[in-house]
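Okay, thanks for coming, everyone.

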Amino acid sequence: MIFAFMWATTQSFRWRPIRRSVYPENLIQVTRDCDFPKLDVFICTADPYKEPPMGVVNTALSVMAYNYPSDKISVYVSDDGGSELTLFAFMEAAKFATHWLPFCKKYKIEDRCPAAYFSSSHCSSTTHAEELKMMYETMKMKVESIIDRGCVGDEHIKTDKQREAFDRWADGFTRQNHPTVVQVLLETGKDKDITGVEMPNLVYVSRQKSKASHHHFKAGALNVLLRVSAAMTNAPLILTLDCDMYSNDPNTPRQMLCFMLDLKMSKYGFVQFPQRFHGINKNDIYGGENKRLFQINPIGMDGLAGTNYVGTGTFFRRRAFFGGPSSYVSAEKPELNPNHVVDKSIQSEAVLEMAQSVASCEYENGTRWGYKMGFRYGSLVEDYFTGYQLNCEGWDSVFYHPDRAAFWGDIPINLDDVLSQNKRWCVGLLEVAFSKYSPIIFGTKSRGILMGLAYSHFAFWGIWSIPVTIYAFIPQLTLLNGVSPFPKVRTLHDVSGSSVTYLNLGSSCMYSFSLDLTSKTA
Ligand SMILES: O=c1ccn([C@@H]2O[C@H](COP(=O)(O)OP(=O)(O)O[C@H]3O[C@H](CO)[C@@H](O)[C@H](O)[C@H]3O)[C@@H](O)[C@H]2O)c(=O)[nH]1
Ligand SMILES: [Mn+2]
């Protein structure tokens with residue numbers, strides 16, 4: 001039964017797979033660089049010890065240096081770890097960025113993540129590059145020494161603004177219980193790089209936490225960033241990135257614009273780039289690359305009504321978080337709506353006050369955030385659930401897989417982490433499978449049978465464990481007990497009947513399952 005169900009749902013991915021190409025050099029025929037839409041980038045981090053701040057800083061620097069007008073980019077960092085160490089790392093990064101951005105642009109560097117560039121074979125050995133490398137290493141040592149110490153010492157606090165920021169980490173400030181911290185580290189229009197060009201906005205946000213209210217994990221953090229960014233810049237396009245990923249191609253936003261600026265594609269809510277990973281262990285023994293999940297199945301869904309959202313490397317239209325293309329859901333405050341134009345400085349009192357208030361833990365009570373608006377609550381896999389809901393509301397989506405990886409990320413490489421990640425995914429997916437939004441009924445009704453089946457394939461992914469466990473133990477048990485694992489063949493009718501079907505479906509499904517495990521060589 002399970003094999004038959006999984007086999008049937010897989011067929012939807014094979015129905016109409018498509019591969020897309022883009023020609024960013026033709027964008028000039030539609031718009032000029034100075035008219036590009038603004039882009040808000042959301043980077044999530046949750047623990048300074050598991051996700052080292054230097055890694056988060058590298059993620060941010062790689063997107064701040066995008067080949068895109070700097071004054072159109074705003075980077076918002078959500079720190080659910082509520083750590084002064086992460087804030088300190090970003091204060092240092094803001095200074096380094098004023099050297100790094102012009103360097104990348106001058107020499108047309110492709111690896112705009114400093115850690116990746118300095119350790120690569122294309123790292124230049126000119127004096128300028130050596131200077132930058134030295135600057136980066138000094139920053140890294142400084143940040144790492146602070147992390148070893150566990151706090152920011154007085155000798156590192158140079159200005160009143162910094163003093164005011166770090167004073168918030170007073171007694172009683174813990175990760176689970178603290179007030180909102182919103183710190184503007186760079187402001188477009190005020191801060192310039194060393195060649196006099198505008199810097200992007202860079203804002204550190206640690207939302208209020210209290211043991212008394214539910215924080216809804218990453219979905220909660222992203223909804224806070226949706227509101228804080230609406231109060232500050234309200235860009236029509238949003239990129240969500242995990243801190244364990246960095247940009248590998250400065251031209252990614254231009255590739256995305258080829259879809260988002262196409263008037264025929266106004267119903268497209270998001271553009272998903274594949275999750276690709278480096279540092280996978282030899283032979284990828286845990287199937288961590290997840291090629292079928294992140295690269296093969298999405299091209300099948302793209303040919304139907306759109307791919308699923310995988311949590312990172314995704315460009316959204318802000319409008320997609322406010323109801324379907326033809327059923328607008330308005331926010332409770334007009335300033336948070338996607339059409340609101342921000343005409344004040346991001347450091348003005350009114351804007352900062354608004355940002356503080358929308359990041360408080362009580363703010364969402366009685367509102368539609370997480371249910372009808374923004375990233376959706378109710379599943380541990382907020383990415384799958386959010387993308388699915390947007391698709392059901394009528395948004396289509398695009399999967400674009402360029403030759404040069406748009407982003408590189410990390411994936412668990414030891415058994416413990418792999419098991420806990422897979423368990424979290426399975427539970428989150430089954431939460432959707434057995435909810436009133438179950439893709440088999442709700443999804444099919446909203447987006448047709450093929451999309452319903454595709455989403456069901458993911459939602460019911462956890463039930464694989466049943467045949468996999470049986471296949472793992474039955475042969476040994478039958479061998480030890482001296483019985484055959486297969487039904488006895490008595491007549492020709494039996495052979496052509498159920499047992500062959502069972503074996504065929506079983507082997508076909510086990511074959512596709514093993515594809516995941518051998519995806520590196522497949
Ligand atoms: O309370 C939380 C928990 C997590 N995160 C961030 O969420 C991201 C993803 O978490 P991670 O522990 O790396 O989960 P993974 O299993 O590696 O992530 C995959 O699965 C998640 C859940 O489906 C998606 O959100 C991710 O984008 C996707 O890469 C990280 O940047 C975290 O910092 C928060 O901001 N707040
Ligand atoms: Mn991750």
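So, which residues does the UniProt annotation "binding site" cover? According to that unreviewed entry, Lys218 and Asp242. A caveat on such records: UniProt positions are given in the numbering used here, feature names are shortened, and annotations may be inferred rather than shown by experiment.

Quick housekeeping. This is a predicted model, where local features need pLDDT of at least 70 and side-chain atom pairs count only at pLDDT 80 or more, while totals for chains, interfaces and linings use all residues. Residues are numbered from 1 along each chain as its sequence is written, chains are lettered from A and ligands numbered from 1 in the order in which they are written, and side-chain values use heavy atoms, with hydrogens and water left out.

Back to the annotated pair. Lys218 sits in helix H7 (residues 217–232), and Asp242 belongs to strand E5 (residues 237–242). Helices (H or I, at least four residues) and strands (E, at least two) are DSSP runs, numbered from the N terminus. Leaving aside neighbours within four places in sequence, Lys218 is in contact with Cys44, Asp242, Gly311 and Glu382, contact being heavy atoms within 4.5 Å.

Now, how many salt bridges do we get? The count comes to 20, taking a side-chain nitrogen of Lys or Arg within 4 Å of a carboxyl oxygen of Asp or Glu.

One of them pairs Asp302 with Arg20, closest N and O atoms 2.8 Å apart. Asp302 lies in helix H9 (residues 291–302) and Arg20 in the loop between helix H1 (2–15) and strand E1 (39–45), so the pair ties together parts 282 residues apart in sequence. Asp302 is buried at 4%, whereas Arg20 is partly exposed at 21%.

Then there's Glu92 with Lys142, at 3.4 Å. That one joins helix H3 (residues 84–106) to helix H5 (residues 127–149), 50 residues apart in sequence. Glu92 is buried at 10%, and Lys142 is partly exposed at 26%.

Glu110 and Arg404 make another, at 3.3 Å. Here Glu110 is partly exposed at 44%, and Arg404 is partly exposed at 28%.

Last one: Asp80, Arg207 and Lys209 are linked in a network of salt bridges.

How values were computed: Buried means under 20% relative accessible area, exposed over 50%, partly exposed in between (1.4 Å probe, protein chains only).
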